[in-house]
Amino acid sequence: MAKITMREAISQALWEEMERDESVFIMGEEVGIWGGTYAVTRGFYDHFGEKRVRDTPIAEMVIVGAANGAAMAGLRPVAELMTINFAFVAMDQIVNQAAKLRSMFGGQFTLPLVIRTVGGGGRQLAATHSQTPDAVFAHFPGLKVVAPGTPHDAKGLLKSAIRSDDPIMFIENATLYQVRGEVPEEDYLEPIGVSKVQRAGDDVTIITYSKMLQYSLDAAEELAKDGIEAEIVDLRTLRPLDMKPVIDSFKRTNRAVIVEEGWRSYGVGAEVAARLYEEAFDYIDAPIRRVAQKEVPLPYNQALEQEALPQREDIIEAVKGIV
Amino acid sequence: MDKENMLDLFREMVLIRHLEERAAELYQEGKIGGFLHLYIGQEAVASGIIAAREPRDRILTAYRDHGVAIAAGIEAKVVMAELLGKKTGTSHGFGGSMHMADVDKNYWGGHAIVGSHLPFAAGMAFADQYREEDNVTICFFGDGATNIGFFHEALNLSAVWDLPVLWVCENNQYGMGTAVKRASALEEIHKKADGYGIPNSRVEGMDVMKVYEAARDAIEHVRNEGPYFLEIMTYRYEGHSMGDPERYRSKEEVGQWEENDPVGIFRTFLLDGGHAGEDELNRLEEGVIDEIQEAVKFAEESPEPTWEDLINTVYVEEYRDEQWPR
């Protein structure tokens, strides 16, 4: 298997699906002539042409809104929002429209829509450009929310998302684009809504996703030096939330730390912890811990930004506190 | 337009009028819930515009959508069933008054977040352009929607991408209770389209034949040359929705507009032009009254949608979560 970057994996997924299906097109700010602000769609404009690689005005409401309309009319749009922070500008089209159009009209509309976007902090972009609000979108029934943590999953999940008939928020992380991982040469899909054990262990279950998967894997190696073997369950999809691998693991380890980059309150950790209390109460041997972003708007100042973001050391400390 | 089509159009406008009057009664009786926005007074707009479309042309509108639904060819009984929240309704009872659609009739809703459907229209028109189909997307919206961001982003995109959309502003003079001049920098709303280089015109909206003729030309333009913007001057005789105290306008003002009743104007046109006799029109009206009665009966006797029906509308594909939708 070849080792490629997350950027290459995502780019390959888009390219292959566009080659495979004429009804797939991409639209968004700077996806065309520029080649994508994160260079994910470099070369697409020249290869697929202006018809299928649509540069849009800087107008998020109509980017998602027109993608909703095109999807209802039978195309398969991949609408790119340059960052997830700009998704708030398009919030109505995402949560009032994409999530609800099918149900509210009795199932007669189908929205085979992917909204590709990028979240995450740590790049000194200050408060409005550094958010990880994944849980916000996972709140809404009608949407599916996918957030991969490895190149392998990014490619397989994005291809599944493009082929899916449901509207999907596909959330990438800006600091993961350079991460390398093994990706099969042949065509493959990863199923949406299936959590995956990314590291085996018996002492504690770490539940995480996206960038924090990488941090958790690093933390687990450190913990192993102290004889603590962490099992890591990667959610990969926040909605639907596949708890089965989490609960299976927890029933063995009886201890859980949930790690997310977003803010703690009302977050992914809160949801996963609540589910563990509901479904595995008899297996709890220690308080369930959350590692998350401190609840401040992220500052430009580098030291303070890192202070607010969850770190590998925070994961190690949380695990050591309960084993 | 030949005589038969004119009489169909007259019957349709009368049907909308009676359907809306009956809906108001059912609302008072507590049989219709939620919000109810009546189309009474505006019948000539939907009827005139939609009479000029080809069946392949798409229609979208805002939440004042029953009249548009009828004009798009949806049966009164299906509209009535949706108003009563029944499984046989346009949206299986999940949308209600504000969210009716029928894809088979190329009627794409019924959208109640002001302005939200204008981007859909752009996207649908893009899909047609992408597939090289010469359909026109006809998008109705109120004067109030022309002050929201969706309007400007969607008009701009339709011009930049040269999309086959007919933008139809139904200017009924008030966005809820706020007069156009109190909310919009331009009172002549069609001139907003100038800002996007979209050709436009303003049309008297109480005379269905004038609306029809303007729509026919506008649709022709869109099909061949790109987006067009029509502002149709109209008036709603009832409140914004049921229970509107109407403090923002006088009885005299409403009365003046009622003298220009679109149904009355068209009736006079048909009689004076020798297109129909009194008896003929009266018979049509009696047929409409029977149809509404049957529609109510159908709606009342229709089954309620089930919980299972609801769950099945949320996602197309497998949803792996043992707790959902608990």
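## Exercises on a two-chain model

A:Pro240 sits in the loop between E12 and helix H9 (244–253) of chain A. Helices (H or I, at least four residues) and strands (E, at least two) are DSSP runs, numbered from the N terminus. The model is predicted, so local features need pLDDT of at least 70 and side-chain atom pairs count only at pLDDT 80 or more, while totals for chains, interfaces and linings use all residues. Residues are numbered from 1 along each chain as its sequence is written, chains are lettered from A and ligands numbered from 1 in the order in which they are written, and side-chain values use heavy atoms, without hydrogens and water.

**Exercise 1.** Find the peptide bond that joins A:Arg239 and A:Pro240, then the one from B:Trp324 to B:Pro325, and state the form of each.

Step 1. Start in chain A. The bond between A:Arg239 and A:Pro240 is cis, with omega about 0 degrees.

Step 2. Go to chain B. B:Trp324 to B:Pro325 is also a cis bond, and omega is near 0 degrees. B:Pro325 lies in the segment after helix H12 (307–314) of chain B.

Step 3. Most peptide bonds are trans.

**Exercise 2.** Is A:Asn68 buried or exposed, and what does A:Asn68 touch?

Step 1. Helix H3 (residues 60–72) of chain A holds A:Asn68.

Step 2. Check its accessibility. Buried means under 20% relative accessible area, exposed over 50%, partly exposed in between (1.4 Å probe, protein chains only). A:Asn68 has 0%, so it is buried.

Step 3. Follow the side chain. It reaches the backbone oxygen of A:Gln93 at 3.0 Å.

Step 4. List the touching residues (contact: heavy atoms within 4.5 Å). Not counting residues up to four places away in sequence, A:Asn68 touches A:Gln93, A:Gln97, A:Ala98, A:Leu111, A:Leu113 and, from chain B, B:Phe120.

**Exercise 3.** Describe the lining of the largest pocket, then follow A:Arg275.

Step 1. Know the term. On a 1 Å grid over the protein atoms alone, a pocket is an open set of points where a 1.4 Å probe fits, with protein on both sides within 12 Å along at least five of seven lines; lining residues have an atom within 4 Å of a point.

Step 2. Count the lining. There are 20 residues, and A:Ala138, A:Arg239, A:Leu241, A:Glu271 and A:Arg275 lie nearest the centre.

Step 3. Ask which element gives the largest share. H10(A) does, with five residues.

Step 4. Turn to A:Arg275. This residue lies in helix H10 (residues 268–279) of chain A. Its relative accessible area is 7%, so A:Arg275 is buried.

**Exercise 4.** Compare A:Gln124 and B:Glu132: what is phi in each?

Step 1. A:Gln124 has a positive phi of about 55 degrees although it is not a glycine. Most residues other than glycine have a negative phi.

Step 2. B:Glu132 also has a positive phi, near 55 degrees.

Step 3. A:Gln124 counts as partly exposed at 27%, whereas B:Glu132 is exposed at 71%.

Note on methods. A polar contact is a pair of N or O atoms within 3.5 Å; within protein, one must be able to donate a hydrogen and the other to accept it, and residues adjacent in sequence count only if both atoms are side-chain atoms.
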